[in-house]
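Please read them with the structure open.

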Amino acid sequence: MRFVRIFFGLLVALLGLLVTIVGAAAAFWLVGPDNTIDTGEQQLASKGLAVMTAPDLLDRHGPTLHVTAKAADGRRPIFVGVGNDLDVASYLGTSQHTKVVRLTVPVKLDTQEFKGGLATIAAPAGLDWWAAKASGNGSQSIAWPIADGRYDVVVMNADGKPGTNAQVNLGVELDGAFVTSLLVLGVGLVLLVVGLLLMFLRRRRPGAPEPIASYGPGVQYAPPAYQGQGQGQWQGPGQGQGQGQWQGPGQGQGPGQWQGQGQGQGQGSSPVRRVAVAVTAVSVLLAATGCVAVPERNTSQSLSRPAVTVVGGQAVIKRYNEINNKANQARDEKLSETIEGDPVLGLTRAGFKISRATDASGKHKIKPFTFPKPQIGSPQFSAYPMRFVAASGVSTDKTIRHLGVWERQSAGSPWLLTHSVYPSATMKLPSMDGLRLPAKADWGKLSTLPKTAAENLAQYFTGGVKSPKAGAFVPSPGTTSLLTGRAKSKVDDAKASYISTVADTFRVSGEPLTFFAKSGEALVFVTLSEQYLERLAPNSNAYWARGAVTAFSNQVKYTQALTEDYLYQVALVIPLKGKGKIRILSVDGDLVGAGGY
C-alpha cells in the first residue's frame with residue numbers, strides 16, 4: 001500500500017509541477033496582466049507596395065487584435081490597417097506585395113512574395129473601407145475587435161509608394177486569459193502539494209504499541225492494553241460516529257466516550273478529502289473560464305459586403321457638396337473629375353464650356369447648394385465596381401429632390417457621381433432601405449425588362465406625346481415640358497427659308513443601370529442622347545451665331561445641316577406585372593455639343 005501511495009503521489013506531484021510551470025509561463029511571460037498574447041517585434045519588408053496577412057490567419061473572431069508598426073528607419077511615415085479581403089485585393093490589384101502566409105511557434109512569420117507593378121497607388125489613409133487604420137510618423141497602433149469574415153492586416157508606406165520596411169508587433173487580447181493562467185498556476189500548486197503529502201506523510205499503523213517509559217535504572221513501565229467493543233464517540237485521525245472495534249491503550253467500556261488508537265467505521269472528513277474537493281472545484285472553474293475565453297472559429301463564408309455604410313455614404317455626399325461648389329465657382333473641370341464620372345461629368349464639362357462662352361465675366365455662376373439629409377441605398381457587392389444610390393433634398397429648392405448614383409471602380413479609386421436626376425418633391429420615390437442588385441428570378445416578375453423599357457422610352461421621346469409608345473409610360477412634368485417644347489421648335493424652325501426639314505432623334509446610350517427595391521419594383525437609370533437636326537435648303541448655308549451652341553461652333557458656315565447634341569439622364573420605376581405603367585421619375589439633361597456639316 002505504501003508503494004502505491006508513493007507512486008501515485010509522485011505522479012500527482014509531477015503533474016502539479018508541469019501545470020505550475022505552464023501556468024506561471026502563461027501568466028507572467030506569454031500573456032501578462034493585459035490579457036494579450038503577441039509575437040514580439042518582427043521585421044517585415046517588401047520591395048513591393050505592402051506587407052499583408054493572408055485572410056486564413058485571422059480565422060477566429062471575438063478577441064481584440066492589436067497591431068503596432070513603425071518604419072525600420074524611424075523616419076518614413078507608416079500606415080497600418082485592417083480591411084476586408086475583397087477591398088484589400090482590389091486595392092493592391094496587380095501590384096507587387098508580400099503576404100504573411102503562416103505563423104509558427106517559436107514565433108516566425110513565413111512570407112510569400114507576389115510579383116507585379118511598382119507604380120504608386122492612392123494613399124491608404126484616405127480610403128473609407130478600412131475597418132481600422134492608423135497613419136503617420138513614428139509608431140502607429142490599432143486595436144480592432146476581430147469580426148467574423150475574411151480580413152487582412154496591411155502595413156505599407158503612408159504615401160502609397162513601394163519599398164515597405166517596418167517593425168511590426170501583432171497581438172491578440174483574450175478576455176480572462178491572465179486570470180485563467182493564474183488559475184492554472186493555482187491548480188498546479190495544489191496538485192504539487194497533494195503529491196508531496198502523499199509521498200512523504202507517514203501514517204501510524206493500527207495497534208502499534210506506545211513507547212515504553214523509563215522510571216530509573218532497570219525499571220520500566222508499560223501501560224496496560226485494553227480490548228473491547230462499544231458504541232460512542234471516538235477521537236483520533238478524523239472525527240465521526242459509528243460502530244467498530246478498538247484496540248490499544250484507551251479508556252472506557254460500553255456506551256460512552258473512549259480515547260485511543262484503534263480501528264472503527266463511520267462518517268468523517270480528512271485533510272486529503274478536503275484537498276480533493278478543493279481541486280475538483282477549482283478545476284471546474286478553470287474549465288468554465290477557459291471555454292469562455294476560447295475565440296470562436298469564423299463561420300461567415302460570404303464574399304460580399306454592402307457597397308458603403310450609411311455613415312460612409314453620408315460622408316461621400318458631404319465631400320461631394322464641398323468640392324462641387326468649389327468646382328462650380330472656379331469652373332474647374334479637373335476638380336470635378338475627382339467627384340464625378342460620366343455621364344454626369346460630360347454634362348458638367350459641357351456646362352462649364354457654355355458658361356465660359358456666354359458669361360466670360362463670371363457674373364452668373366451657379367449658386368452654391370448641397371444635398372441635405374441623404375437616404376442611402378447600399379446593395380451588396382462581391383466585386384468592384386460598386387455603386388450606391390442616395391435620395392436627398394436640394395438646399396436651394398424645396399420643390400425638387402435629388403436622386404443620384406455614386407460609383408467606385410476599385411478599392412483605390414474615389415466615389416464618383418455618375419447618374420443624377422432631380423424629380424419633383426411630390427414624386428413618390430422607391431425606398432432606399434433594402435435596395436439590392438437584381439437576382440435571376442427578379443426579371444420574370446417585371447412588367448417590362450429594363451433594356452426594353454429604355455428602347456421604348458427613346459422611341460417615345462422621338463415620336464413625341466403622340467408616339468405609340470407613350471401609352472406605356474406615366475410621364476413626369478419635365479417629360480411633358482421637354483416633348484412639348486421640342487415639337488414647337490420643330491414647327492418654328494421649319495418655317496425658316498434656309499431650312500428644308502427638321503428631325504429630332506433620341507437613342508439609348510449605354511446599358512440601363514438597375515436596382516431592385518423591397519417592393520419588387522425596379523429602379524432604372526437610363527442615359528439618352530438626342531440629336532436635333534436641321535437640314536439646309538439647296539444653295540443655302542448657315543452658322544451658329546448666338547446662344548449656348550456658339551460654345552461649340554461659332555461663325556463656322558455649314559452647307560448641308562446644323563446639329564445640336566443633348567445628353568439626358570432619366571430615372572424610371574418599372575412595376576411588377578399587372579401593377580400599372582412605367583413611371584418616369586425625372587428627365588434631366590443639357591446641350592453637350594453643336595455644329596453641322
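1. Burial first. A residue is buried under 20% relative accessible area, exposed over 50%, and partly exposed in between (1.4 Å probe, protein chains only). By that rule, 42% of the 597 residues of the protein chain count as buried.

2. Ground rules. This is a predicted model, where local features need pLDDT of at least 70, side-chain atom pairs count only at pLDDT 80 or more, and totals for chains, interfaces and linings use all residues. Residues are numbered from 1 along each chain as its sequence is written, and side-chain values use heavy atoms, with hydrogens and water left out.

3. Confidence. pLDDT is the predictor's confidence in each residue, from 0 to 100. The protein chain averages 84. At least 70 is reached by 81% of the residues. Residues 210–293 are another matter: pLDDT stays under 50 there. For that stretch the model has 92 contacts beyond four places in sequence. Contact here means heavy atoms within 4.5 Å.

4. Overall make-up. The protein chain has 10 helices and 30 strands. Both are DSSP runs, numbered from the N terminus: helices are H or I with at least four residues, strands are E with at least two. Take the contacts with a separation of 6 or more. Residues 24 or more positions apart account for 71% of them.

5. Arginine 486. Is this side chain's residue buried or exposed? Arginine 486 is buried, because its relative accessible area is 14%. Its place is in helix H10, residues 477–494. Beyond its neighbours within four places in sequence, arginine 486 is in contact with Asp504, Glu530, Tyr532, Tyr566 and Tyr568. With tyrosine 568 there is also a side-chain to side-chain polar contact of 3.0 Å. A polar contact is a pair of N or O atoms within 3.5 Å; within protein, one must be able to donate a hydrogen and the other to accept it, and residues adjacent in sequence count only if both atoms are side-chain atoms.

6. Cavities. How many cavities of 30 Å³ or more does a search of the whole structure find? The search finds 2. The method uses a 1 Å grid over the protein atoms alone, and a cavity is a set of points where a 1.4 Å probe fits but cannot get out; lining residues have an atom within 4 Å of a point. Grid points are joined across faces, edges and corners, and a volume is the space filled by probe spheres set on the points.

7. The largest cavity. About 50 Å³ of space lies in it. Its lining is Leu44, Val51, Met52, Thr53, Val100, Val153, Val155, Val168 and Leu170. Strand S3 (50–53), strand S11 (151–157) and strand S12 (164–173) are the elements that give two or more residues to this lining. S3 has the largest share, with 3 residues. By class, the lining has 8 nonpolar, 1 polar and no charged residues. Ala, Val, Leu, Ile, Met, Phe, Trp, Tyr, Cys and Pro count as nonpolar, Asp, Glu, Lys and Arg as charged, and the others, Gly among them, as polar.

8. Cis peptide bonds. One joins aspartate 342 and proline 343, with omega about 10°. Proline 343 lies in the loop between helix H6 (333–336) and helix H7 (344–358). Another joins tyrosine 384 and proline 385, with omega about 5°. Proline 385 lies in the loop between strand S21 (380–381) and strand S22 (386–393).

9. Positive phi. Lysine 373 is not a glycine, yet its phi is positive, about 50°. Lysine 373 lies in the loop between H7 and strand S20 (375–377). It counts as exposed, because its relative accessibility is 76%. Asparagine 539 also has a positive phi, near 65°. Its loop runs between strand S28 (522–536) and strand S29 (561–574). Asparagine 539 counts as exposed too, at 86% relative accessibility.

10. Arginine 2 is found in helix H1, residues 2–31. It is exposed, with a relative accessible area of 52%. Arginine 2 and leucine 198 are 196 residues apart along the chain, but their C-alpha atoms are separated by 9.4 Å. Serine 447 lies in the loop between helix H8 (440–443) and helix H9 (450–463). At 31% relative accessible area, serine 447 is partly exposed. Serine 447 and glycine 578 are 131 residues apart in sequence and 6.9 Å apart in space, C-alpha to C-alpha. Leaving aside neighbours within four places in sequence, serine 447 is in contact with Ile574, Pro575, Leu576 and Lys577.

Key. 1 Å grid on protein atoms, 1.4 Å probe; cavity = no way out; pocket = protein on both sides within 12 Å on 5 of 7 lines; lining within 4 Å.
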